[in-house]
Amino acid sequence: ATDRVAHQAAAGFEEQGRRRGLAITTRQTFASGHMSAELVDRLKAAQPDYVFCFGVAGDIAALALAMDGAGMRAGLATLAIMAGRGVFELPPPIAARLLLAHPVAGLNTDDVRAFHDMMHAAGEGDRYAAFAAVAYGSAMVFVEAAKRAGRALNRATFEESLEQLHDFHTGALPPISFSSRRRVGAVGA
């Protein structure tokens with residue numbers, strides 16, 4: 001992201017945080033690929049509960065390593081789409097306090113009540129609801145398309161049956177619709 005985009009995202013985050021009663025203790029900037037000890041010292045001095053990073057995967061991993069090295073107790077939050085596979089290699093103390101934001105529309109509607117009940121019964125609560133909803137919804141779409149393809153299941157019959165799904169309710173996501181020209185199942189998710 002450009003500096004302008006990052007600044008706009010940070011400003012939006014701060015505005016939403018204030019609306020929800022969050023105290024923003026500090027706002028720091030850095031050039032992508034240039035994590036500094038001074039930045040982490042400034043973050044540590046602010047004593048935040050969480051550090052939200054608008055960075056690319058390498059920057060997020062570098063920040064996590066620097067926070068761990070500085071003995072920071074703050075959690076790390078970022079956008080799941082930006083985090084990359086490096087989050088699987090974070091130091092355990094940071095990984096235990098990692099929050100990944102993942103936009104999924106409609107998770108609190110009556111359409112997903114059974115899904116929420118299943119998550120709570122499994123002892124997961126809402127901790128991984130967005131990721132679980134995407135995985136569960138994807139599995140439901142796959143199963144339904146495979147059923148509709150019938151016994152002659154192959155790539156062509158699967159694609160054809162997938163393209164016939166219109167307003168399909170997974171129980172975890174907004175209704176899913178596909179067509180030969182629409183390959184995104186749930187707009188807004």
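Here, a residue is called buried under 20% relative accessible area, exposed over 50% and partly exposed in between, with a 1.4 Å probe and protein chains only. The structure is a predicted model, so local features need pLDDT of at least 70 and side-chain atom pairs count only at pLDDT 80 or more, while totals for chains, interfaces and linings use all residues. Residues are numbered from 1 along each chain as its sequence is written, and side-chain values use heavy atoms, leaving out hydrogens and water.

Now to the aromatic rings. Rings of Phe, Tyr and Trp (its six-membered ring) pair if their centres lie within 6.5 Å; planes under 30 degrees apart are stacked, over 60 edge-to-face, and the rest tilted. That rule gives four aromatic pairs. One of them is F13 with F54, which is edge-to-face because the planes sit at 80°, with 5.9 Å between the ring centres. Helices (H or I, at least four residues) and strands (E, at least two) are DSSP runs, numbered from the N terminus. F13 belongs to helix α1 (residues 3–19) and F54 to the loop between β1 (50–53) and α3 (57–69), so this pair links parts 41 residues apart in sequence. F54 is partly exposed at 30% relative accessible area, and F13 is partly exposed at 31%. Together with F52, F13 and F54 make up one aromatic cluster.

As for the strands, two of them pair if DSSP finds at least two bridges between them. β2 (residues 75–79) runs parallel to β1, joined by four bridges, with Y50 opposite G75. Four of the five residues in β2 are buried.
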